[in-house]
Amino acid sequence: MDEQVDGTGEPGRAALGQALKFLRGKAGKSLGQLADDTGYDKSYLSRLESGERLSKVTVMEDLDGYYGSGDLLVCLWKVARIDAFKDKYKEYMRLEAAARIIRVYSPNVPGLLQTEDFAREVLSGPQTTDQDVEAVEEQVAARLGRQLLLDKKPTPNVRFVIDEPALRRSSASAETWESQLMHIEAVAQWPNVVVQVLPLSAGIHHLMGKGSLTLLWQKNGSAVAYTESGSSGLLMDEPEDVILHRLSYDRLRDQALSPSDSLTFIRDVLEEQRS
């Protein structure tokens with residue numbers, strides 16, 4: 001899923017900003033003092049408090065530790081990060097975050113498996129202004145924030161089917177690409193995650209050229225299908241639509257390499273990258 005940032009002010013981000021400002025006031029710190037104490041830029045901290053910027057979750061972890069506020073800021077950040085997505089994605093984001101079963105087919109490296117550097121490269125375009133760079137950084141932070149769902153409690157059961165070309169299409173930086181492949185290899189060994197590679201030898205399939213497909217099941221048994229191609233996405237909750245897309249996914253899963261063979265494939269590609 002391609003995160004798309006909505007730059008306008010949003011309630012979740014505003015609430016986080018108000019909490020940041022309150023905690024700083026309670027601690028009796030100026031922005032300058034906070035910057036000196038934490039090492040974060042003063043103007044950056046100011047924009048976090050005004051709700052103009054979305055940080056990485058690690059920034060909130062640092063500030064929770066600084067203020068002794070438990071996980072208050074992290075919890076507010078998890079709500080605020082939803083504001084980084086345009087309205088048409090927000091319902092999908094809500095469902096994805098709460099899903100107990102997740103099934104993903106992607107012709108590219110899925111956003112849930114991307115490293116920070118690789119995500120930044122994917123999301124970056126021909127930027128000419130500081131504002132463009134900041135927008136990309138917000139998109140990167142939002143994408144990394146989505147990945148928290150992979151090891152939340154209770155952990156969801158997640159399966160990825162990834163097209164072989166996605167693992168052959170290296171990034172501009174050899175170091176970034178090696179780290180990305182190592183990350184996929186590591187996550188593929190998590191007990192709640194399965195990664196399968198759909199080889200070119202599987203031939204033509206009916207999702208070819210149609211973008212990605214995600215299936216989500218909630219605790220209550222309800223399910224949705226989400227398809228995305230380019231900048232357009234479609235969320236479907238009609239049972240017949242979900243069944244048809246589940247059948248499409250099951251066919252691709254059956255055509256893909258087994259999880260163990262897929263892990264071997266990823267390791268082979270990694271070795272090729274290193275050689």
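Modeller: Happy to. Leucine 247 is partly exposed, at 40% relative accessibility; that class lies between buried, under 20% relative accessible area, and exposed, over 50%, with a 1.4 Å probe and protein chains only. This is a predicted model, in which local features need pLDDT of at least 70 and side-chain atom pairs count only at pLDDT 80 or more, while totals for chains, interfaces and linings use all residues. Residues are numbered from 1 along each chain as its sequence is written, and side-chain values use heavy atoms, with hydrogens and water left out.

Leucine 247 sits in helix α11, residues 239–255; helices (DSSP runs of H or I, at least four residues) and strands (E, at least two) are numbered from the N terminus. Together with Ile243 and Leu244, Leu247 makes a nonpolar surface patch with about 260 Å² of accessible area. Patch members have over 30% relative accessible area and no salt bridge, with like charges joined within 9 Å and nonpolar side chains (Val, Leu, Ile, Met, Phe, Trp, Tyr) within 5 Å. The areas come from the Shrake-Rupley method with a 1.4 Å probe, and for residues only the protein chains shown count as cover.

The term asks for a side-chain nitrogen of Lys or Arg within 4 Å of a carboxyl oxygen of Asp or Glu. In general, an α-helix has 3.6 residues a turn, so residues three or four places apart point the same way. Aspartate 250 is buried at 19%, whereas arginine 253 is partly exposed at 28%.

Elsewhere, salt bridges with shared partners join Lys56, Glu116, Asp117, Arg120 and Glu137 into one network. The structure holds 18 salt bridges. In one of them, glutamate 116 and lysine 56 bring their closest N and O atoms to 2.3 Å. That pair connects distant parts of the chain, 60 residues apart: glutamate 116 lies in helix α7, and lysine 56 in the loop between α3 (42–50) and α4 (57–67). Glutamate 116 is partly exposed at 25%, and lysine 56 is partly exposed at 29%.

Now for the other residues of helix α7 (residues 116–123): Phe118, Ala119 and Leu123 are its buried ones. Viewed down the axis of α7, they fall within an arc of 125 degrees, so they line one face of the helix. The arc is that of the directions from the helix axis to the C-beta atoms.

Rings of Phe, Tyr and Trp (its six-membered ring) pair if their centres lie within 6.5 Å; planes under 30 degrees apart are stacked, over 60 edge-to-face, and the rest tilted. That rule gives four aromatic pairs. One of them is tyrosine 40 with tyrosine 44, tilted, at 6.2 Å centre to centre and 40 degrees between the planes. Phenylalanine 118 and tryptophan 177 form a tilted pair as well, with 5.6 Å between centres and 40 degrees between planes. Since phenylalanine 118 is in α7 and tryptophan 177 in helix α10 (residues 174–187), the pair ties together parts 59 residues apart in sequence. Phenylalanine 118 is buried at 9%, and tryptophan 177 is buried at 1%.

Arginine 274 belongs to helix α12 (residues 259–274), and 96 residues separate it from glutamate 178.

Finally, the interior. A nonpolar core is a set of buried Ala, Val, Leu, Ile, Met, Phe, Trp, Tyr and Cys residues joined through side-chain atoms within 4.5 Å. The largest one has 34 residues, and those touching the most other members include Leu167 and Ile184. Among the elements giving two or more residues to this core are α9 (164–168), α10 and α12. Helix α12 supplies the largest share, five residues. Leucine 167 lies in α9 and is buried at 2%. Its C-alpha atom is 9.4 Å from that of tryptophan 177, ten residues along the chain.
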